[in-house]
Amino acid sequence: GAGGGVWGSPGPSPPAPSCVSIASCRDRFSVSGDTLTVSGVDYGDQGTFSCRAWTPLDAVEAEAQLRVVGRPGPVRELQVLELGERQVRLSWTPGDDHNSPVQ
């Protein structure tokens with residue numbers, strides 16, 4: 001019979017051809033009970049994940065947002081603007097914030 005299917009895809013861009021469903025990406029995606037585990041996430045994995053489960057009688061779909069957070073990247077163009085005896089004034093261009101902006 002047709003039933004019990006689960007399908008997921010990273011978004012917002014379409015999944016890679018080699019990773020169209022959880023079944024074709026068992027090395028990165030695993031389902032246990034009601035939990036989807038994504039291994040080895042990277043910034044390219046960010047987006048909307050969809051899950052659809054169905055039986056011959058009904059179907060349900062849910063979405064979740066995956067946001068990968070990491071350490072901010074190194075600054076660029078670091079310059080010393082003023083150098084005093086007990087203080088220094090610096091200028092720089094921030095690096096990538098990786099969804100974790102410096103505040």
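Tutor: Glutamate 82 has a relative accessibility of 42% in this predicted model, so glutamate 82 counts as partly exposed. The side chain of glutamate 82 forms a salt bridge with that of arginine 89, and the N to O distance is 2.7 Å. Arginine 89 has a relative accessible area of 45%, so arginine 89 is partly exposed as well. Side chains of opposite charge can pair when their charged atoms come close. The cut-off for calling such a pair a salt bridge is 4 Å between nitrogen and oxygen.

How many salt bridges does a search of the whole structure find? The search gives two. Glutamate 61 is partly exposed, at 49% relative accessible area. Arginine 52 is partly exposed too, with a relative accessibility of 38%.

To place these pairs, consider the overall layout. The protein has seven strands and zero helices. Along the sequence, the order is β-β-β-β-β-β-β. Of the 103 residues, 16% are buried.

Strand 6 covers residues 76–83, and glutamate 77 lies in it. Glutamate 77 has a relative accessible area of 57%, so glutamate 77 is exposed. The phi angle of glutamate 77 is near 55 degrees, which is a positive value in a residue other than glycine. Asparagine 99 also has a positive phi without being glycine, with a value near 60 degrees. Asparagine 99 sits in the segment after strand 7. With 25% relative accessibility, asparagine 99 counts as partly exposed.

Proline 94 is also placed in the segment that follows strand 7, a strand that spans residues 88–93. Proline 94 counts as exposed, at 53% relative accessibility. In space, the C-alpha atoms of proline 94 and proline 74 are 7.2 Å apart, although 20 residues separate the two in sequence.

The UniProt record, in an unreviewed entry, lists residues 74–103 as "domain: Fibronectin type-III". In the model this span is 47% strand and 0% helix, and the C-alpha atoms at its ends lie 15 Å apart.

Next comes the loop between strand 3 and strand 4. Aspartate 45 is found there, and glycine 40 is in that loop too. A polar atom of the aspartate 45 side chain lies 2.8 Å from the backbone nitrogen of aspartate 42. Glycine 40, with 67% relative accessibility, counts as exposed. Glycine 40 and arginine 28 are 12 residues apart in sequence, yet their C-alpha atoms are 6.8 Å apart in space.

Rolling a probe the size of a water molecule over the atoms shows where empty space is left. The largest pocket has a volume of about 160 Å³. Strand 3 (35–38), strand 4 (47–54) and strand 5 (59–66) each give two or more residues to its lining. Strand 5 gives the most, with four residues. The lining includes Leu36, Val38, Val41, Phe49, Cys51 and Leu66. Ser50 and Glu63 are also among the lining residues. By type, the lining has eight nonpolar residues, one polar and one charged. Glu63 is the charged one, because Asp, Glu, Lys and Arg are the residues counted as charged.

Notes
Residues are numbered from 1 along each chain as its sequence is written. This is a predicted model: local features need pLDDT of at least 70, side-chain atom pairs count only at pLDDT 80 or more; totals for chains, interfaces and linings use all residues. Side-chain values use heavy atoms; hydrogens and water are left out. On a 1 Å grid over the protein atoms alone, a cavity is a set of points where a 1.4 Å probe fits but cannot get out, and a pocket is an open set with protein on both sides within 12 Å along at least five of seven lines; lining residues have an atom within 4 Å of a point. Grid points are joined across faces, edges and corners, and a volume is the space filled by probe spheres set on the points. UniProt positions are given in the numbering used here, feature names are shortened, and annotations may be inferred rather than shown by experiment. Buried means under 20% relative accessible area, exposed over 50%, partly exposed in between (1.4 Å probe, protein chains only). A polar contact is a pair of N or O atoms within 3.5 Å; within protein, one must be able to donate a hydrogen and the other to accept it, and residues adjacent in sequence count only if both atoms are side-chain atoms.
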